[in-house]
Amino acid sequence: MLTHVNFWSGVGMQKYMRRRGTSLTAAAAAAVITFTGASAEAQTATEGTTASVEPLGLVDVRDLPTPRERTQVRVIRRPLARFPEPAVKPLASSDAALGAADAVEPTSEAAANLIESFEGISASGIEPPDPHIAVGPSDVLLATNAALRVYSKSGSPLSGLIDPSSFFLVPPQFEIQSDPKVLYDARSGRFFAVWIAFDQQANVGAWFVAVSTSSSANGTYFVYQVTENGNLPDYPGLGVCNDKLVITANDFRLQGGFTFVYNGAVAVALNKSQLTAGATTSFNRFGNIQLSGGAGQAFTIQPVHSLTGTNTCNMVSLRGNNGVQLYKINGLPPSATLTTVSTVPALPTPVSTPPDAVQQGTSIRIDTLDTRLLDATLRGVNGGSIWTASTTGCRFSGSSTTFACINVVEIANVSTTPTLRQQIVFGASGSYSYIPALRTDSSNNMTVVFGRSSSSEFPSARYTSRLNSAPLGVLESSKLLVSGSAPYTGTRWGDYFGAALGPDNRSIWIYGEYKRTGSGFWQTFVGQTQVP
């Protein structure tokens, strides 16, 4: 059994060492680490470097240890940004940010019903949680930075709390660890999970990839390590198509002391059939991925979870503040190729930096992150339809105040010439909505979960949906997933929520974060939704 290692919570730009029972002020944190923009020495684009990886071993979640109390924790406070960010985001009391959009929440009933709900993984002192979810035929896999756990579909725990370092077989020299992502792939009948880590002394980063040996989450997993030499692979993505699993990250190079420099977005396509067999697995690595037309480096590329059969693994990234860049990975590793699509659908409403969110009961604000794309999924309708989402600054009619809203985008015709089908900037007047995650059912009805708070609302989780038959640009009024009952006074919220399609192809499971009384930290909550 591997020794438990120091744990990095979240994905962040602001990293520092914290001992249990102590804290570090923002000023002190700023003195520890320096952030710089994209380096002129960033590596040139790679035309699909070919390699293979052996499995590290086999783990059984029923035999793994529970997370231990950590006496020393290295914390990634928020996702690493490509360029230095302002020390303070725009406040809601200031004028609307450039490009902030008018938004509105309708008053009609939400299309999806909540048919099951239960408490998820609880906080253990690790911030932020980064909650993510995958749903198979018989059970549900939840993942946070604190632990993983398997549940029945009625919310009964089927496993104990699972230590992430032990689950992913992370060697003890990797002192930085965080950012779980999980999914269930119906075509292979397997759960997949990814986790990032960084060995600061050796200057070596890695993705750790786990794949179940059956359609149950409560069993054994093959584990692989995909090494990223000289880089910390921050904010990982996880996507799948017929024959490939795709993992992504923002590469950051350690540059003396504890300074990280952006080194480009990276994607790795792995041979899915070899992964599921626990065999030596071929992969292609695509480094320092560029935007089309010589527009520079991409940042935060989200691989798409393909819910319709296709041998093309699609990926999306925000292009500036008003476009969505599409990428395609074709071919079977070790012979996969990456294509950067030249047609870039434009967003009629440019995104803008969302202000940190006001919450009831405290002057401390919730960090709403930035405008990066947070999630992506594909259906074979409308010529191939990709839904993706982010957070953006917004305003409401009659007010110049900037709030945070969710930004939901559908790109159609992705198999030929991609076009924007709809963009929806959504929120409630006087409230802050943030960190969305979404999925579609077999009829292309979409459900999105997000966080919300205001001066009269504690941090809560809500959801809304869009019927495929509804007029374009319309989301239904949101419904409460779980109501917060106390302010959040910790250091970090997020960095993402989770959504997953159920094996019935109708229900969308959602997983979010909220704050309740009786704990100084976060709590998570699961819901199963379904359009009637």
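Q: What makes the link between the side chains of Gln523 and Ser122 a polar contact?
A: In this predicted model, the distance joining the two side chains is 2.9 Å. The cut-off for a pair of N or O atoms is within 3.5 Å. The value of 2.9 Å meets it, so the pair counts as a polar contact.

Q: Which backbone atom lies 3.5 Å from a polar atom of the Gln523 side chain?
A: The backbone oxygen of Gly120 does.

Q: What does Gln523 touch, not counting residues up to four places away in sequence?
A: Its partners include Glu119, Gly120, Ile121 and Ser122. Glu513 is also one of them. Gln523 and Glu513 are 10 residues apart in sequence, and their C-alpha atoms are 5.7 Å apart in space.

Q: How do you know whether His132 is buried or exposed?
A: Look at its relative accessibility, which is 10%. The limit for buried is under 20%. So His132 counts as buried. His132 is found in strand S9, residues 132-135.

Q: What lies 3.0 Å from a polar atom of the His132 side chain?
A: The backbone nitrogen of Val182. Val182 is also in contact with His132, as are Lys181 and Tyr496, among others.

Q: What makes Lys181 count as lying over the face of Tyr496?
A: Lys181 is 4.6 Å from the ring centre. The distance limit is within 6 Å, and there is an angle limit too. Arg372 lies over the face of Tyr235 in turn, at 4.7 Å from the ring centre.

Q: How many aromatic pairs does a search of the whole structure find?
A: It finds 15.

Q: Why is the pair of Phe167 and Phe168 called edge-to-face?
A: The ring centres are 4.8 Å apart, and the angle between the planes is 85°. A pair needs centres within 6.5 Å, and edge-to-face needs planes over 60 degrees apart. Both values pass, so the pair is edge-to-face. Phe167 and Phe168 are both buried. With Trp195 and Tyr221, they form one aromatic cluster.

Q: What makes Phe198 and Phe260 an edge-to-face pair?
A: The centres are 5.8 Å apart, with 65° between the planes.

Q: How do you know whether Phe198 and Phe260 are buried or exposed?
A: Phe198 has a relative accessible area of 0%. Phe260 has 1% relative accessibility. Buried means under 20%, so Phe198 and Phe260 are buried.

Q: Which residues touch the most other members of the largest nonpolar core?
A: They are Tyr434, Ile435, Leu481, Trp493 and Ile510, out of 35 residues in this core. Strand S31 gives the most to it, with four residues. Apart from this core lies another, of 27 residues, Val182 and Trp195 among them.

Q: How many helices and strands are in the protein?
A: There are three helices and 37 strands. Of its 532 residues, 63% count as buried.

Notes: Residues numbered from 1 in each chain as written. Predicted model: local features only at pLDDT ≥ 70, side-chain atom pairs only at ≥ 80, totals over all residues. Heavy atoms only, no water. Helix = DSSP H or I, 4+ residues; strand = E, 2+ residues; numbered from the N terminus. Buried < 20%, exposed > 50% of the residue type's maximum accessible area, 1.4 Å probe, protein only. Polar contact = N/O pair within 3.5 Å; in protein donor to acceptor, adjacent residues only side chain to side chain. Contact = heavy atoms within 4.5 Å. Phe/Tyr/Trp six-rings, centres within 6.5 Å; stacked < 30°, edge-to-face > 60°. Lys NZ or Arg CZ within 6 Å of the ring centre and 35° of its normal. Core = buried A, V, L, I, M, F, W, Y, C linked by side-chain atoms within 4.5 Å.
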